[in-house]
Structure formats: structure tokens, C-alpha cells
Amino acid sequence: MTTYVGEAVDRVDGTAKTTGGARFSAEYPYPDLAHAALVHATVARGRITRLDTTAAEAVPGVIAVLTHRNAPPLKPAPRVTPLNLATLASGTSVNYLNTDEVHWNGQPVAVVVAESPEAAQEAAHLVEVAYAHLPATVDFAAAEPDAKPQKSNLIMSGGAVKGDPEAALAAAPVALDLRYTTPPHHHNAIEPHATTAHWADGRLTLHDGAQNIYWTRDHLAMRFGIPKDDIRVLSPFVGGAFGGKTMVWPGTILAAMAAKATGRPVRLMLTREGVYRTVGGRTPSTQRVAVGADESGRMTALIHTSVTLTGRVGGGPEQVTSQTRHLYDAAAIRVQQNLVELDVLSNTVMRAPGESIGTFALEATVDELAYRLGVDPIELRARNEPARNPMDGKAFAHRKLRECFEQGAKEFGWAGRNPEPRSTRDGRWLVGTGVAAAYHPSWQFPANVTVRLSADGTALVRCGFHEMGMGGATAQAQIAADALGLPVEAVTVEYGDTRLPTGPGAGGSAQTASVAAALVAACEKLTRLARALARRTPGAAGASYPEILRLAGRDSIEARVGSDTRLGTAVGQLRFAGKLMSDRRRWVKAACGAQFCEVRVDADTGEVRVTRWLGVFDVGRVINAKTAASQLRGGIVMGIGMALAEETLVDPRTGRIMNASLSEYHVPVHADVPAIEIRYLDDPDPTMPLGLIGVGEVSITGVAGAIANAVFHATGRRIRDLPITLDKLL
Ligand code: MOS
């Protein structure tokens, strides 16, 4: 029975957020609270040769200036091991304030703690640091020729080949071989990273905006050398994250260190500049996409290679070529990701890491092939739509891409389109339309959940998952309400606290499916318990679950899925890994979609405006019509930013980010975003819990490709270098 699943249920946290009742990490009012500010290195690599804190210490209200000379010792960042996934959480491998070495331009070299944030900030500016420079490689463009092939590991494949694509390309009657470039990006969540840290009796309480509170807890336990049970991480409200709050970055660690060193509760809220300097962003990329086809438009060769960066102190590969293994049924395919290592801050996951920029290059190339062949771009995609995964013939768990394009074409009015570039003009505006495919893999992680049903007709769901604004808690409340036959208002969902049963990280668009699987199982256990109780209770036959409890004289019953004991955790991980492997052998699982847009380009200035958008998505069953559409819309807004505005500028001489502020790093504002129409097929994926596929990331993919294709249609110009700023169109 479903009453709430699929409905546009209001957010359970909506009132708290709109009335100011929701408390974010920098809003916890401890008595005696002190405030911290960071001092950032101004060289890419070097050693601190002189450090003068006298002026900083003289600022009224300053409590302490921590540097590598007086900071408490920290254990080094752990080595990554598959036996402990929390070892993946290190933002960087640097042991902050435990070394005089600088590894990136912006690394924190001191923390000022003061009675007020203003005093801390003022004093931070007065810390004098001199450096001996060490040789540094910071210029991605210059380093690109030295890229090395990415090795495959358990999580990610570096490359793969089917057939002989280079020979097939050379022999193809129609062939393209193109190069694309994309710049670094930063997440720019509305809430800058913030931590409030409080030590009492050797135990740490940490309020920290996080996408994985258990990783944060376990990481800090390793760094401070204390049992993880002595750390509690609370993260009930997070003001956006997009991947930027997945790893543990220096601010979190240094807030805890400052609180320990001063014996005061400490709040460290990063400035916007501080976020750029100490939290990784998306890698820049260069990409080669080559495609060969016969005259009928059947692809005979498809090659996609990429170069991206990692920091020498951390970060990892981004799966730029991943979608190219799944989208087109080419006879021969090669994908290969390559890496350079630079003396810059680690890159990190950012909404659809890999696919968001990979689909730009792939989908622009497919459009270009369509024009070369004189075939409609949607028709070309249909001719190359695979029945099974093109690389290895595996089955798709769910693949409705063709349906997305068909529905989208109908609603967008694609059929009437004149494909001729520069054929439509409206006054000074050149008008164009474009399409692209969206694609993002679908994942699921282990989760522990307890559900308690009370005789008063309420239910309590407990799971340490994360709410960064997506509507995750609302979705779980709907699922529990349906499973227990309760009004959704009667369900309370607790999340964002490491004291709760261990939840999944919010990443990979996997959180809702991961929690739902455990929640559904827990509700089934609970209703079995209730029915067993009913059989023993006179007059309880046919009663509602709360009524059964009342008749049986029970206040509540509880069911639990998963275990947080050491053994339970190990068994859970093994079971999870086993299912993951068997799933992977059988299926390719993903969300996909079709992006349609209209752009207008000023014929004189080259200004690009996006004027229409329709996205049609195959995301399995939708749990909440409102929050899912909102998630999908948000990805498109972020994609518009990627296509037209966003670009982190790094000084190639010094490795310093030059536009570390929202006044110089441009994100789309309301005036830049048209009404975005969202459709989803709402067709359940039978291999996923409740048939749902995650909606967090798929909708940013394909956006930049669709815009680049529309810009070509409007102007006749192919821009293969993001962002598509007006100078490139003049
Ligand atoms: Mo994400 S980049 O899975 O928050």
C-alpha cells in the first residue's frame, strides 16, 4: 500500500528551516565559546623559516595563536585501506600545524583563537610568516603532457578497451577527433564549512556540517588517538554540500585541536575564501573524444580519454569517461583516464565527479557527429542505443533513455526544429536548441536502522544519515508511514548524530536507497512483531498496529536492522560487499535522462542566456515528487553554472586561487535561470529498494553538453572549452 510514496509531501524540516529553528554547526551557543580563524600559507611549497605571532597575540581578546611550534601533537593521516573505509576520509595527508612544511598555497599554518570572531580574524592577518620556497609543479596545462594512466582499483576502473577502436576510427567513413578542456570548479554551498568543537573529560563533541559523520568521527579518533566512542559528531542540518563536506578538511581538525589546546569550546567558521583555500574542488580536465561512424550513423569507433589532476597530498581520480562505457553501442570502444600530480590542494568529489564534465565532451561530440552526418541528434542517439552494456554485454538493470528522449522531444517541441545553425533570430538574439543525454551510476551502501512504534500511534525512525537540504528525512518519513499505515506527521526521523545506528554517507546519490532498504526491512520486522502480538491478544484481529499495542498493554515495540557491534559491523560489510559484487556481475545500474534547452546568444556581445529547459529523467520510482524534482532542478542549475560561468582561476606561477570569492567566481543567480521543467518516468527499477534510483547527481550531467550544442545551433560556433563565456563567441 502506498499513500505517501510518490506524493509531494512537505519537508519535515521545512518549518524549522524557515522559522530559524534549525541550528547549523556554527550556531551552537556554548557558554565560554571561543572563536578561531585560520592563517593560510602564501606559497605553493616550502618551509616556514620565520614566524612572528607577537602582533597577533597583542590583539585584545586573543587567547592563543597555534602554530607548528606550539600546537598539540596529532597523529598523521591514516594510510588508505579497504578494511577501514574511514581511511578514505582524509582531505589531505598533511599533519596540520605538526610540520613546518607547506604543501599547497593556502594550507593553514596557524590558528588564532579569540574571544570574538572579529578579534580572531584581525589577529590572523597580523601573523607574519616567511618561507623558503621549494620547487612546485602547479600548472595543470603545463603538466598535462606528463599524465600517467590511472590504474584500476576495486572502486574505479582506469580504462578499458573493446575491439580496435583506433583502427576502426581510421577506417570510418565519417570520423571526428576532438579535444575538450574544463576548468576547476568549487562547490560553494550556501553554508560555508563550520565546526563547533567541545572537549569534556577527554571526550569530544563536534558540531560539523558533514556528509559522512561516521567518517568524520573515525578520522578524528585516529588523529587524536582516542577511541571513536569518545567522539560524538552532530550534523542535523547542513546548508548544502555537493561533495565538499564528504572528506575531513583542515578546518574540522583544527577546530578540535584549538578546543583541546585552549580548554574552551571553539567555533571555526570558514570565510568563503577559507573554503577555497582549504576544501578541495573539482579537477580541471582535458579530454579527447573521437568517434567514427558509417553513413547510416552507426558508431564503429568511440574513444574517450581524459587527463585530470590530484594533489600530491591527496585527492583521487574522477571517472570522466565512465558514461562512455554505457551510452552508445559502438563496435569498438576505448576509455582511459590519466592523471597528473600537482602541488595543489587535493581535488575532491563534486556533484557527479567525472560524469558532469565527461558528458559535456561526449555529448557535444555526438551532436557534432549528427551534424556531420545530417542526422537529427536524437535520431542518431536512437540508432546507437544499446540493448545491453556496450563494453561487456551485461544487462542493464533499468534503461529507459530512449523513452526519456521520446517524451522530451514531444513536450519540448523538437520535431519542428530547423537544424540549420544560425537559422533562427529574434531581434538581436540568435536562438538555438540543444539536447544531451544524462547518465549517472546508481549505488547503494549498508545502513543500520531502528524503528519504534508506540501505542500512541507515533513511530520513531533512527539512522545516522545526512540531510544537506535534499529532503532525505522527508523521504524516509514517507516510506515508514506507508509501511506502518500511519499518517506521515506521526513519524519522526532522527538523523545526523553518530549516537544513532550507523547510517550511510550522503554520496554517490545513494543515501535514500541505502536507508530505504534497511528501513523497509525494519518496518517488515516490526509489523511481523505486531501481527504476532495480535494473534496472542484477544480482540486484536484486524486492528491497526498502534491499536494492537494498546490492546496488548504495550507502550511500544522496536525493530532493528544491522548491528553496530564490531562483529555486526564486519558481517554487515561482508554481506554488503558480497551483494555489491554479485550485482556488478549481473547488471549495470544507473540513472539516465534527456536534457533539452533553448539558448539565446546576443549577436553583438556574445552574451548567452538560457531561456528554456526541460529535463526528462529515468530515476526509477520517485519517493517525493517535490523534493526529487527540486534535486533534479538543482543539478541543472549547477550545470548551467558549469556551462556558462563557473571557473576557479589558479595562478600558474604560484598555485594560488585568484578568485576565491563569490564576487569573482560566478554562479548562476535567479536572473540566469529560466523556469526548469522536470519530468520523470516514475518506472521502478526492480533491482533497487522500492524501485528508487538516486536523484542527486544525474541531472547535472549532460547540461553543459546540451548548452554547448544549443550555442552551436544558435551561432554556428563549437565551443569546446568551458565555461562558454562571451569572449569565446566573439
Ligand atoms: Mo556527492 S559528489 O556524491 O556529494
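A charge sits over a ring if NZ of Lys or CZ of Arg is within 6 Å of the ring centre and within 35 degrees of the ring normal. The model is a predicted one, in which local features need pLDDT of at least 70 and side-chain atom pairs count only at pLDDT 80 or more, while totals for chains, interfaces and linings use all residues. Residues are numbered from 1 along each chain as its sequence is written, and side-chain values use heavy atoms, with hydrogens and water left out.

| Charged residue | Ring | Distance to ring centre |
|---|---|---|
| Arg23 | Tyr28 | 5.8 Å |
| Arg718 | Phe712 | 3.7 Å |

The search of the whole structure finds 11 aromatic pairs, where rings of Phe, Tyr and Trp (its six-membered ring) pair if their centres lie within 6.5 Å, with planes under 30 degrees apart counted as stacked, over 60 as edge-to-face and the rest as tilted. The rings of Phe412 and Phe596 have centres 5.4 Å apart and planes at 40°, so this pair is tilted. Both Phe412 and Phe596 are buried (under 20% relative accessible area, with exposed over 50% and partly exposed in between, for a 1.4 Å probe and protein chains only). Ring pairs link Phe405, Phe412, Trp414 and Phe596 into a cluster.

Strand β11 (residues 203–208) pairs with β12 in the parallel sense over four bridges, and Thr205 has Arg232 in β12 as its bridge partner.

Note on methods:
Pairing = 2+ DSSP bridges. Helix = DSSP H or I, 4+ residues; strand = E, 2+ residues; numbered from the N terminus.
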